[in-house]
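Welcome! Take a moment to look over the sequence and the 3D view, and then we will walk through a sheet and some pockets together.

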Amino acid sequence: MKWLIRKIKNLFKSKKPSEPEREPERPTNSNKEIFGLYPEAIFLDDLPKLKRPYKFGAWPEVYIIHFTAGWQKRTGRDFMKSFLKRGLCTDFLDQDGKIFQQREGNRGGYHAGKSSFKGRSSVSRFAPGIEIACAGKLKEKDGKLVSWFNKVVPKEKARYVTREMGYVHSGWYERYTEAQEESLAKFLAWQMKMGVKYIIGHDEVAPDRKNDPGGSLSLPLSEFVKQRVKPLV
């Protein structure tokens, strides 16, 4: 009987309401807060966004392909820190195929220099781009292939292309890795789904002074888009 009395008393005792669970704190630059972040991209939460003064509307219609002409062994973090210091803004694709994005998808900054596309100058103002880790265009020296920063590139890692093949400039180039090309194709297909209409090389918007991506890509860029990107769209 005593146990029943205790049970009834307990029913009338006031209970302190439990406090709601606190939402865990998230980094200021959490991936979930970045508009237009490529689903497979790495966003470095502990670094600020790159300088991105230009807004492209809902989504850019043009996307530019570069190579770094160096940086083959540097990390995405190294690259982003360098661009933060220099006030530049692109995405980055390392040699293992990992993509780093430190900006919103509809915003960008300076990267293309003096350039034009379809009568519009200063391409950086309306088109973002990606830098791909690669030595880029090579020169022949004493029977060897050498980068502009005097690194020897083995011929098995290089490719010779001509304008007759559909490239903007003839010459030797260090090849992108297959991991880079696979990752790039998927990334560009996603960009096209989001709204990009034109995928252009830096050598097309500034042909008098630039040669990327050139023969670093296994196909002329327009053919690469037709054969490897559009089938994924």
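A pocket here is an open set of grid points, on a 1 Å grid over the protein atoms alone, with protein on both sides within 12 Å along at least five of seven lines. Keep in mind that this is a predicted model. The second largest pocket has a volume of about 270 Å³, and the largest pocket holds about 480 Å³ of space.

**The second largest pocket**
- Its lining is made of 19 residues, and those closest to the centre are Ile199, Glu204, Pro220, Leu221 and Ser222.
- Helix α5 provides the largest share of the lining, with four residues.
- Sorted by class, the lining has 11 nonpolar, three polar and five charged residues.

**The largest pocket**
- With about 480 Å³ of space, this pocket is lined by 26 residues, and Phe67, Thr68, Ala69, Glu131 and Lys210 are the closest to its centre.
- Two or more lining residues come from each of β2 (62-67), α2 (76-86) and β9.
- The class count for the lining is 12 nonpolar, seven polar and seven charged residues.

**An open sheet**
- Four strands line up in the order β10-β9-β12-β11 to form an open sheet with antiparallel pairing.
- Because β10 (144-146) and β11 (158-161) stand at the edges with a single partner strand each, one side of each has no neighbour in the sheet.
- From one strand to the next, the twist averages 45°.
- Strand β9 (residues 137-141) pairs with β10 over three bridges, in the antiparallel sense.
- Lys139 has Val146 in β10 as its bridge partner.

Note on methods:
Residues numbered from 1 in each chain as written. Predicted model: local features only at pLDDT ≥ 70, side-chain atom pairs only at ≥ 80, totals over all residues. Heavy atoms only, no water. Pairing = 2+ DSSP bridges. Axes fitted to C-alpha atoms, helices over the stretch in contact; angles between N-to-C directions. 1 Å grid on protein atoms, 1.4 Å probe; cavity = no way out; pocket = protein on both sides within 12 Å on 5 of 7 lines; lining within 4 Å. Points joined across faces, edges and corners; volume = space filled by probe spheres on them. Nonpolar A, V, L, I, M, F, W, Y, C, P; charged D, E, K, R; others polar.
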